[in-house]
Amino acid sequence: MRRALWAGFKLQLKLEAFGPFAILSALVTPVVYALVIIAARGEILTFNVLLGAGVIGLLSNGTMHAIFMVLDEKYDGTFSTLAATPAALAAPIAGRAIGAVLQGAVVFPVTVVVLVVLTRQVPDNMGVYSALQVLLAFVGVMSITLIITGVMSRYEYSAGMLNGMVPLILVVSGTFASQQRLPDLLVYLGWLSPLTGPLDTPEDGQVDLRLLLLSATLGGAWLAVSAWYLARLPEALRKRPRGYEA
Amino acid sequence: MRLTAPYWLGYRALFTWLNPLGYVSTRLVQPVATALLFVGALSVSAGSVNRPVFGTALLATVSAVMFGVTLLVGNDDEFGTLDYRILTSQRLSRYLVTGSLPHMLDALLSSLVVLSVVVLIFQITVPASAFPVVLAALLAALLGGIGLGLLCGAIALRGVNLFLMPNIIGSLLVLTSGAIVAPDQVAEWLGPVGTLLPINAGVEAVLVSLEQGETHLAQAYQLVLAEALVGCAWIAVGGAALHVVFRRRRAG
C-alpha cells in the first residue's frame, strides 16, 4: 500500500513537476488573478489577497492534475489491471494526487515572491496566525483534491464533471472577499468548506483563534472523509464497472 | 435536419456532454462561479462593478466558444475523424461554421445565465436602453471566441496539448482584455495589448450605454462594431493557421 502510494507520488512529480500545466495553474493563474484584484480595487497587496492567490494556485493545480491523471490512468487501463491484482487500487492515484498538491505547495512561495516583486509591496497585515492559515488552506486543498480524484475515478465520461467545482469552492470559501455578501444558500455551503476558515478572515489580519481551531477540525474531518472515500474505490467500481471507462 | 444531424451528433460525441453533469458544471457552474468570484471581490471597493459584471459575461462567451472550437478541431483529430474530413470534398469553411454553431448558441446561453445570476445576486439595475447593446456585444464577442478557438485548434494539431493554449489565452484575457479591470490599470503597456484582444471594445460599449445613457448609443454601437472587427481579424488569423496545418497534413 505504502509502496504503491509512494510510486504514484514519484510518478506524478516525474511526469508533471515542470510541465506547462503546472506552471500555468500553480503560478500564472494565481498571479494573474491577484494582479487583477489589486489593480481593480486600487489597493495594496494584503495577506488575504496573497493567501487567496496561493489557494487558487494550489486548488487549480491539484484538481487539474487530478482530472488529467485519472483520465490517463483509465485510458492506460491501470484501474482494470490493478483490479485483477491484490494491490490497493486507490493507492497509486492517491499518491499522484498528493504529489500534485505538494507540487503546488512548492510553487506557493514562488507566487508570493513574484507578487511582491511585481507589485513592489510587502503585505503588512500578516497576523500571528498567518502560518496556521496557510497550513489549514493546504490541508483543505489536499482533502478537496483527494475527493475530486475519488469522484473522477468512479464515473465514466467524467472529464468535465468537476470543472465548475474549483471556482464554486473558491467563491463560497470567501476568496478575496467575505462570503457573507453571497446569498444564504452559498453562505451555508461555505460553512462546509475547509477553506472558509483560513480564507474568509478580516482584512486587518486579526484572526479569531477559536474559528481557526474549528476550521482545523473541519479540515481534519474532510481529510479523513477523503481518505475513506478513496479507500472504498475498489468496492464502488465492483458495483459499478462502467466507472472503469474514461 | 439532414444537414444538422451529423453536427449535433458530433457535438455530443466529441465533447464531454455525454455526462449531463459535465455540461452543467462546465458551461453553467464554472462561468457563474468565476463571475461571482470577481464581482464579489470587487464589490468591496467603492467603485462601480459594471465592468466585471458585464466583462465576466463576455469572458464566458469568448471562453465557451474558444474551448468549443478548439475541441471541435482537436477532438476530431484525437478520435481519428479529422483526416477523413480533410480528404473529403467538404469545404473547410462549412465544417467550421456548422461545427461552431452549437458552441455559439451554448456560449450565448451560458453568458445570459451568468449575467442573470450576477445581476440578481448583486441587485444591479440595467436600464432597458442598454439591453440591445449588451446583446450586440455578446454576439460580437462570439466572433473573437471562434477566431481564438481556430488558432488554438491549429496549434493543437501541431502537437501541443489541446487544453494548454486555451488556458493560456484564458489567463491573458482575464489580465488584459478589460473584462475585469481596464488593462492600463494593471500596467500601462498592457493597454495596447488589450485593444488587440476580444472583449475590450465590447465591454467598453456596454459601459458607455450604461453610464452615458441613450445619448451615446451611436458611440456604443461603434464600439460593438470594433469588437466584431477584432473578432473577424482573429478568425482570419485562426482560419489561416488552420488552413496551413490542413494543407500540410493533406500533403504529408
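Me: What covers the buried residues of α11(B)?
Reply: The cover includes α3 (50-78), α5 (92-121) and α6 (131-157) of chain B. Buried means under 20% relative accessible area, exposed over 50%, partly exposed in between (1.4 Å probe, protein chains only). Among the buried residues of α11(B) are B:Trp234 and B:Phe246. This is a predicted model: local features need pLDDT of at least 70, side-chain atom pairs count only at pLDDT 80 or more, and totals for chains, interfaces and linings use all residues. Residues are numbered from 1 along each chain as its sequence is written, chains are lettered from A and ligands numbered from 1 in the order in which they are written, and side-chain values use heavy atoms, without hydrogens and water.

Me: Why is the pair A:Arg96 and A:Glu73 called a salt bridge?
Reply: The rule asks for a side-chain nitrogen of Lys or Arg within 4 Å of a carboxyl oxygen of Asp or Glu. Here N to O is 2.9 Å, so the pair qualifies. A:Arg96 lies in helix α5 of chain A and A:Glu73 in helix α3 of chain A, so the pair ties together parts 23 residues apart in sequence. Both residues are buried.

Me: What makes A:Arg210 count as exposed?
Reply: Its relative accessibility is 67%, so A:Arg210 counts as exposed.

Me: Which class does A:Asp208 fall in?
Reply: At 31%, A:Asp208 is partly exposed.

Conventions. Helices (H or I, at least four residues) and strands (E, at least two) are DSSP runs, numbered from the N terminus. Contact means heavy atoms within 4.5 Å.
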